[in-house]
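Please keep the sequence and the structure in view while reading.

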Amino acid sequence: MTNKTKFSLLATFILIVAVTYGFFSTGDSNNQPVVEKSNTTSHTPQEQDSKHPQAPDFTLKDLDGNDVKLSDYKGKVVVLDFWATWCPPCRKGIPDFVEMQKKYGEDKFVVLGINLDQGSEAEVIPMVTDFAENYKINYPIVIHNQEVVFAYGGIRSIPTTFVLDKEGKVRQGVQGYRPMSFFTEIIDPLL
């Protein structure tokens, strides 16, 4: 075997191991926060306060083109849900978020869906709007940008969900689907 062939085999093996590790290490249920340091200069929640880090503020466009700021929800418990229309676990969790928005109302609570679908604005907006209507989504949906994705640790799998208290501090961050009861146990004491 030539050195070039050996190198190619080694590189392929490393890639397979990395992909396999990434597949099996995401979406676990150990309920540990998922934010990590990113390669950007923005501060991830973990860098600011290890117990209850401040969630990075952002301004994103909603489905009607309006600016939505995370800081607009200060004083409310916020569930930030990073999701996509093509993601089966995301689809499974959306009815629970719709129910939670109904249960807790708008005065002290909001679910904020951050859509991660890829494509041009002309492709994504109508697709997500139709999806929201079909799922009867009753909470704001905004369209992501890379800055927000990096600020929240890179979002390695979806859904990735953060629960923020009334001061905007991250109380829990998880990857993968969780039932409504998981979230209500965290949210109830924060209200």
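Buried means under 20% relative accessible area, exposed over 50%, and partly exposed in between (1.4 Å probe, protein chains only). Helices (H or I, at least four residues) and strands (E, at least two) are DSSP runs, numbered from the N terminus. The model is predicted, so local features need pLDDT of at least 70 and side-chain atom pairs count only at pLDDT 80 or more, while totals for chains, interfaces and linings use all residues. Residues are numbered from 1 along each chain as its sequence is written, and side-chain values use heavy atoms, with hydrogens and water left out.

In helix α6 (residues 180-190), the buried residues are Met 180, Phe 182, Phe 183, Thr 184, Ile 186, Ile 187 and Leu 190. These buried residues pack against β3 (77-83), α3, β4 (109-115), β6 (160-164) and β7 (170-175); contact means heavy atoms within 4.5 Å.

Lys 69 lies in strand β2 (residues 67-69) and is partly exposed, with a relative accessible area of 39%. Lys 69 and Val 142 are 73 residues apart in sequence and 9.8 Å apart in space, C-alpha to C-alpha.
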